[in-house]
Amino acid sequence: MKQRLIFFISFLISITNFAQNVSVVSPNNKWKVELKNEHSASTGTWFLKINALKENASSEIIPKIDLGLLRSDQDFSNQLKFIKADKPKLITEQYTSIHGKSSQRSNSGNEIVLYFENPSKAKLNVIVRAYNDGVTFRYEFPEKTGTFKIKDELTAYKIPDSTSRWLEKFDLSNEGLYTNMKDASVQQDWCYPALFNTKDDTNNWYLIHEADVDRQYAATKLANTITNSDYKVTLPGADEGVGEPLPTINLPWKSPWRVIIMGNLAEVVESTLVDDVSSPSVLTDTDWIQPGVASWNYWSNNHGTKDYKVVTEFADLAAEMGWPYTLLDWEWDQMENGGNLEDALKYIHSIGVKPLMWYNSGMFKWVTSTPVDRMKTHENRMEEFAKLNKLGVYGVKVDFFLSEKQDMIKYYLDILDDAAKFKIMVYFHGCVVPRGWQRTYPHAMTFEAARGAEWYNNGPELTTSAPEHNNVLPFTRNIVGSMDYTPVTFTNSQYAHITSYGHELALSVVFESAIQHMADRPEGYRNLPDAPKTFLKHVPSTWDDTKLVDGYPGKFTVMARRKGLDWYIGAINSDGRREKVQNLKFDFLPEGQSYKLTLIADGAHDTLFSTKYMVVDKSTSIDVTMLRRGGFAAYLSPIK
């Protein structure tokens, strides 16, 4: 009996010691994730800790990430017993992306699985990965059968008060403004993604998001309403849109990935980690998925699609500019003044342009914009998509979701599944921020989920906030997926913009969207000088590589993107008081190759351009002046 007692005590000690030393390190030895217990025991409340490793020393990045779930039948939180951890295994993957910031994707991470059980012997696993560009983890219920509700997720990120943060107040449209806060004094719900900078350390930035959300869960948000430094993963509230507030899961089950992209600012911006951890494509044939630029009439004429002549004028614009698409926005079912929908589509095809069409999700009775209800059920969609195939329509824009509950997640994915059967591309407005679906469903072309140029129609707020706002989005929202900002406007909508023409031109490169809607009226582009007009005729909407050359959230951005052998650069400045002289280095270019540079910068004032041509290579460095709220664009082609 005494020997058994000694053995049992020794076993507990060994389990405790092992648990206290469980960790996983990224393949590049940059990040370390440790499993910790509140009371240094083998049972209780568990959390993860993330450190940065450098020269045999470590610095704390996130001191604590609380773990736990509350299921309708079981509590998996404060009495979890640690059972074991698998040995780390290497995750390596290469895949090709049709769109986004890079085409050839390669990621590398080390994974461990942590095994727990609660007092009822019910199992919970936590899968943790340390990637070269961040950390991800997810929960797993390994049992084979059972249907339950998730009552709460207890994941919470403790953010030290000294951390700088860029956060957007939660709103179901995901169309707010990010605020740069030096402390955690404001307590409320926050949108994904959330950007943090540890003690102003240029090497320790991180972006918190989630990925691989599927029909077995809801989209979540962050909330620091319990304590101001703990940002808790929070399920949708009962009053937030349609559907049941608590997600229903079927075992076996895995949660979405909790994603922390980490590194210096360029490494965070260039990361594809949200896509990397999401499920691979469900499609085998993807040749029909064709990213591109589209003309769009809503910004300059809110009811323009009612007018056949307006529709055909924007189709003419697309043909003139060499853009493959034109979008017929809301009210196309009410078209008159010279022709109806069928007439417009026939004309669009006759000039070599491909039509895209808008739909109301039909989920809210108070949203009466037409057409309504044609996407709402599987039967509706199958009938409508069959019609669109006959009409030669290549894609649909579906609007007004305004809910992140499980029922709405199912609706998004049902639309994507049905559209794929008819080879129809899809993009969403009034919607969730991307959660990695562009990898799983590569015909999901872009998402709004940002305060874009459309807001120049809504009030005067964007006029004054746009310069800074435009310089926050590349470091937050646009990192995690395509963003349908609808950029590049030189004329004014209902409310004027104060960004320069150079700034607006640069947005075609600074912002990434697989279908890039150029929002200005035809004369806005037709009246441009040759250099910027030519630039917009050729600028791609999808990229083989992306480099953040320089920048800081809310202040300025210099982005370089490659398509084939050519490079494009977009740079924007938010300072409203003074010009900025940007030293532009070309060290991202390959060794030994010279390029012809076309530089289209701000002119003497905000509606003028200054164009220069020169030869540059990897060693070249030039100074470019950006006006207040200004910018510049550049095109580099290799010299043979």
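Predicted model: local features only at pLDDT ≥ 70, side-chain atom pairs only at ≥ 80, totals over all residues.
Let me start with helix H10, residues 501-510, where ten of the ten residues are buried, so the helix is largely enclosed by the rest of the structure; buried here means under 20% relative accessible area, with exposed over 50% and partly exposed in between, using a 1.4 Å probe and protein chains only. Helices are DSSP runs of H or I with at least four residues, strands are runs of E with at least two, and both are numbered from the N terminus. Among the buried residues of H10 are Tyr 501, His 503 and Glu 504, and at the start of the helix a side-chain oxygen of Ser 500 comes to within 3.2 Å of the backbone nitrogen of Gly 502.

Residues are numbered from 1 along each chain as its sequence is written, and side-chain values use heavy atoms, with hydrogens and water left out. The mean pLDDT, the predictor's confidence in each residue from 0 to 100, is 95 for the protein, and 97% of its residues reach 70 or more.

Now to Pro 324, which sits in the loop between helix H4 (308-321) and strand E26 (325-328) and is partly exposed, with a relative accessible area of 27%. Leaving aside neighbours within four places in sequence, Pro 324 is in contact, meaning heavy atoms within 4.5 Å, with Gly 292, Val 293, Val 353 and Lys 354. Pro 324 and Val 293 are 31 residues apart in sequence, yet 6.2 Å apart in space, C-alpha to C-alpha.

Conventions: Polar contact = N/O pair within 3.5 Å; in protein donor to acceptor, adjacent residues only side chain to side chain.
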